[in-house]
Amino acid sequence: QAQLVESGGGLVQAGGSLRLSCAASRIIFSMSVMAWYRQAPGKQRELVARITTGGTTNVADSVKGRFTISRDNAKNTVYLQMNSLKPEDTAVYYCNADRFGLQTAVFWGQGTQVTVSS
């Protein structure tokens with residue numbers, strides 16, 4: 001049973017765009033810092049972008065200027081808009097919820113595959 005459910009992944013050509021969505025439960029979402037992580041083949045999972053309950057965002061340097069994280073509190077959903085995709089963006093993207101932002105109660109989605117072809 002998933003607490004977070006990602007969608008929107010797929011195959012896209014370099015330079016293209018995708019928007020990932022992550023649906024969460026109301027209780028988890030309303031009190032959580034939300035984030036997107038990704039894990040590429042042979043690499044550890046890394047933070048891509050993060051957004052607080054108030055809407056403050058941070059993005060990794062590798063995607064700065066190309067990716068945007070946002071949240072719709074009414075829909076209990078966080079998004080990752082990915083533009084100007086590069087082959088190195090290929091990874092499984094995971095939604096993450098950090099309840100209260102304290103790293104004491106963390107929830108993960110099952111992941112959605114993003115593949116960028118050259």
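Mentor: Aspartate 89 and arginine 66 form a salt bridge in this predicted model, and their closest N and O atoms are 2.7 Å apart. The two partners come from distant parts of the chain: aspartate 89 sits in the loop between strand 8 and strand 9, arginine 66 in the loop between strand 6 (57-59) and strand 7 (67-72), and 23 residues separate them. Both aspartate 89 and arginine 66 are buried. For aspartate 89 the relative accessibility is 1%, so the residue falls under the 20% limit for buried.

Aspartate 89 also forms a salt bridge with arginine 38, where the closest N and O atoms are 2.9 Å apart. Arginine 38 belongs to strand 4, so this pair ties together parts that lie 51 residues apart in sequence. Arginine 38 is buried too, with a relative accessible area of 6%.

Arginine 38 in turn forms a salt bridge with glutamate 46, at 2.8 Å between the closest N and O atoms. Glutamate 46 has a relative accessibility of 35% and therefore counts as partly exposed. Through shared partners, the salt bridges join Arg38, Glu46, Arg66 and Asp89 into one network. The structure holds 4 salt bridges.

Strand 4 also takes part in an aromatic pair, and the structure holds 1 such pair. Its members are tyrosine 37 and tryptophan 108, with ring centres 5.0 Å apart; their planes stand at 65 degrees, which is over 60, so the pair is edge-to-face. Tyrosine 37 lies in strand 4 (residues 32-39) and tryptophan 108 in strand 10 (residues 106-108), 71 residues apart. Tryptophan 108 is partly exposed, at 35% relative accessible area. Over the ring of tryptophan 108 sits the charged end of arginine 45, 4.6 Å from the ring centre.

Tyr37 and Trp108 are also among the residues that line the largest pocket, which holds about 150 Å³ of space. Other lining residues include Val33, Ala35, Arg50 and Asp98. Strand 4 supplies the largest share of the lining, 3 residues, while strand 4, strand 9 (91-99) and strand 10 each give at least two. Sorted by class, the lining has 5 nonpolar, 3 polar and 2 charged residues.

How values were computed. Residues numbered from 1 in each chain as written. Predicted model: local features only at pLDDT ≥ 70, side-chain atom pairs only at ≥ 80, totals over all residues. Heavy atoms only, no water. Phe/Tyr/Trp six-rings, centres within 6.5 Å; stacked < 30°, edge-to-face > 60°. Helix = DSSP H or I, 4+ residues; strand = E, 2+ residues; numbered from the N terminus. Buried < 20%, exposed > 50% of the residue type's maximum accessible area, 1.4 Å probe, protein only. Lys NZ or Arg CZ within 6 Å of the ring centre and 35° of its normal. 1 Å grid on protein atoms, 1.4 Å probe; cavity = no way out; pocket = protein on both sides within 12 Å on 5 of 7 lines; lining within 4 Å. Points joined across faces, edges and corners; volume = space filled by probe spheres on them. Nonpolar A, V, L, I, M, F, W, Y, C, P; charged D, E, K, R; others polar. Salt bridge = Lys/Arg side-chain N within 4 Å of Asp/Glu carboxyl O.
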